[in-house]
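Here is a short report for a reader new to this structure. Take a look at the sequence and the model first.

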Amino acid sequence: MGTVVSIELADDLPESRLRSLIADTCAWLHEVDARFSTYKDDSEVCRFRRGEIRLEDCSADMRLVLDRCADLWRETGGYFDAHAGGQLDPSGYVKGWSVEVASERLAAAGSQRHFISAGGDIRMRGSGPGGRPWRVGVRHPWEADKLAWVLTVTDGAVATSGTYERGAHVWNPVTGVPASGLRSVTVVGPDLAVADAYATAALAMGEPGLSWLAKLTGEGYESAAVTDDGRAFTSPGLPVAG
């Protein structure tokens with residue numbers, strides 16, 4: 001998926017079991033990468049967008065991802081668009097979804113306390129080491145060695161989308177030009193796949209995304225954002241460390 005993934009298990013389990021759980025998680029993430037990579041010519045997503053396979057012949061995971069991308073396109077008024085770059089690229093949903101599923105698989109296999117981070121998308125379950133909440137630092141959008149916020153999360157997800165590392169890689173599908181107005185958007189909520197998509201959509205909206213983010217609190221999603229000119233905004237329930 002073109003990013004580094006880190007996994008921490010805080011469960012009181014034998015080391016051999018912990019290693020097995022991590023190996024299974026890595027195998028799942030590699031499976032997702034092989035299927036959804038837009039850089040591998042033989043991936044399922046590349047074969048589908050070249051017309052070599054029909055939708056009805058795609059895997060269940062591919063059909064689920066495409067359905068969910070369509071749902072999110074409607075939910076965000078078109079600002080989360082898997083076709084924004086001109087051809088199908090569901091990566092904006094797949095990364096968060098794959099980590100969310102990885103967390104579900106770990107829980108089903110006996111890990112109730114874990115932390116998975118994949119390039120700014122983080123899923124935490126249960127408490128961290130010592131029984132304390134997990135702490136998540138949100139990078140300062142201009143100074144890489146500083147943090148804008150430190151969040152405390154027990155069960156939940158944190159997704160951040162910004163322009164400070166990869167430049168203008170998010171497009172505004174309405175105007176057809178790179179998104180501008182917001183430098184960084186962080187969304188905290190119960191589902192990482194959704195949080196990731198919401199952060200991407202808000203970034204694509206630009207400053208109007210601030211009012212859109214404020215409406216998500218009723219769904220259990222809190223947010224923080226920094227504008228291109230350095231103003232910072234947070235929703236009332238953002239779990240900022242004291």
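## Overall fold

What share of the contacts in the protein chain with a separation of 6 or more comes from residues 24 or more positions apart? Such residues account for 58% of those contacts.

The model is a predicted one. Its protein chain holds six helices and eleven strands.

## Size and burial

The C-alpha trace of the protein chain spans about 55 × 45 × 35 Å along its principal axes. The radius of gyration is 18 Å. A compact globule with 242 residues would have a value near 18 Å, so the two agree.

Of the 242 residues, 49% count as buried.

## Helices H4 and H5

Two packed helices are described by the angle between their axes and the distance between the axes. Here the pair is H4, residues 91-108, and H5, residues 192-205. Their axes come within 7 Å. They cross at roughly 155°. Angles over 145 degrees count as roughly antiparallel, so H4 is roughly antiparallel to H5. The crossing of H4 and H5 is right-handed.

Which residues make the contact? From H4 come Gly92, Tyr93, Lys95, Gly96, Trp97, Val99 and Glu100. From H5 come Leu192, Ala193, Asp196 and Ala197. By type, the residues of this contact divide into six nonpolar, two polar and three charged.

Notes:
Residues numbered from 1 in each chain as written. Predicted model: local features only at pLDDT ≥ 70, side-chain atom pairs only at ≥ 80, totals over all residues. Heavy atoms only, no water. Axes fitted to C-alpha atoms, helices over the stretch in contact; angles between N-to-C directions. Helix = DSSP H or I, 4+ residues; strand = E, 2+ residues; numbered from the N terminus. Parallel < 35°, antiparallel > 145°, perpendicular 65-115°, else oblique. Left-handed = near helix turned anticlockwise from the far one by under 90°. Contact = heavy atoms within 4.5 Å. Nonpolar A, V, L, I, M, F, W, Y, C, P; charged D, E, K, R; others polar. Rg over C-alpha atoms; globule rule 2.2 N^0.38 Å. Buried < 20%, exposed > 50% of the residue type's maximum accessible area, 1.4 Å probe, protein only.
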